[in-house]
Amino acid sequence: MPLAQVWLVRLPDDDQVVSAGTEACLSQEEIQRAHRFTQPRHAQRYIAAHAALRTLLAEALHCAAHELAWQTDADGKPHLPHHPLQFNLSHSDVWALVATHPTLALGVDLETHQPWQDMDGLALAIFHPDEASAWRQLPKATRARALHVAWTRKEACLKALGTGLRLAPEQVWVGMADAPRQGRWRQDGGRTVDWCDLILPLPTPHSACLAWVQP
């Protein structure tokens, strides 16, 4: 079976501006969305991340980046209407991940670790009761990292399924073991999702996960 490909992309720093050629890779809809960001750095990183995605897809499909036209399903997951190539994008701070697979639906998530505003509240919202119980038994010094890792795994699985948060995160069982790890989760009465932690050469604490739906 063909393997997924994953690219790590460096995004602009706070004071950097993308080139006109980079912005020209985007669709008008993407450009308009970028210009709606209130913080310039968020706009620049959005443009750079989406340009990277388009460039990589264009290389695979042998077309120009700006010519790519994808559609979104009812849950907002993008797909190419006339090609089986599957793709997903995640970005956090100054880093982005692009993942592709020839046929399998996939999701990727990257989180650079930041202090949580309400760590206990988020844990209660996303954890299965058994996961929450295991999380509370961890030393307090390790709980923030464990929450980041679990959230990243759950987000990747939800993105692979294409449901977004329409499927409650607490239904996605990923366990409490620290990275690196891999696992499998089966949706009740539905599809099976495999996931694996990604080890990235980043200078700051982070977590990353790739998930894909079994055919």
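Contact is taken to mean heavy atoms within 4.5 Å. By this criterion, among contacts in the protein between residues at least 6 apart in sequence, 55% join residues at least 24 apart. The structure is a predicted model, in which local features need pLDDT of at least 70 and side-chain atom pairs count only at pLDDT 80 or more, while totals for chains, interfaces and linings use all residues. Residues are numbered from 1 along each chain as its sequence is written, and side-chain values use heavy atoms, with hydrogens and water left out.

The protein contains 6 helices and 9 strands, defined as DSSP runs (H or I, at least four residues, for helices; E, at least two, for strands) numbered from the N terminus. The radius of gyration, taken over C-alpha atoms, is 18 Å, close to the 17 Å that the globule rule (2.2 Å times the number of residues to the power 0.38) gives for 215 residues, so the protein is as compact as a globular protein of that length. Buried residues (under 20% relative accessible area, 1.4 Å probe, protein chains only) account for 47% of the 215 residues.

An open sheet is formed by 3 strands in the order β1-β5-β4, with antiparallel pairing; strands pair if DSSP finds at least two bridges between them. The edge strands, each pairing on one side only, are β1 (5–10) and β4 (86–92). Between β4 and β5 (residues 95–101), the antiparallel pairing extends over 7 bridges. Leu89 has Val98 in β5 as its bridge partner. Helix α3 (residues 40–61) packs on the sheet and touches β1, β4 and β5.

Notes. Axes are lines fitted to C-alpha atoms, for helices over the stretch in contact, and angles run from 0 to 180 degrees between N-to-C directions. Buried means under 20% relative accessible area, exposed over 50%, partly exposed in between (1.4 Å probe, protein chains only).
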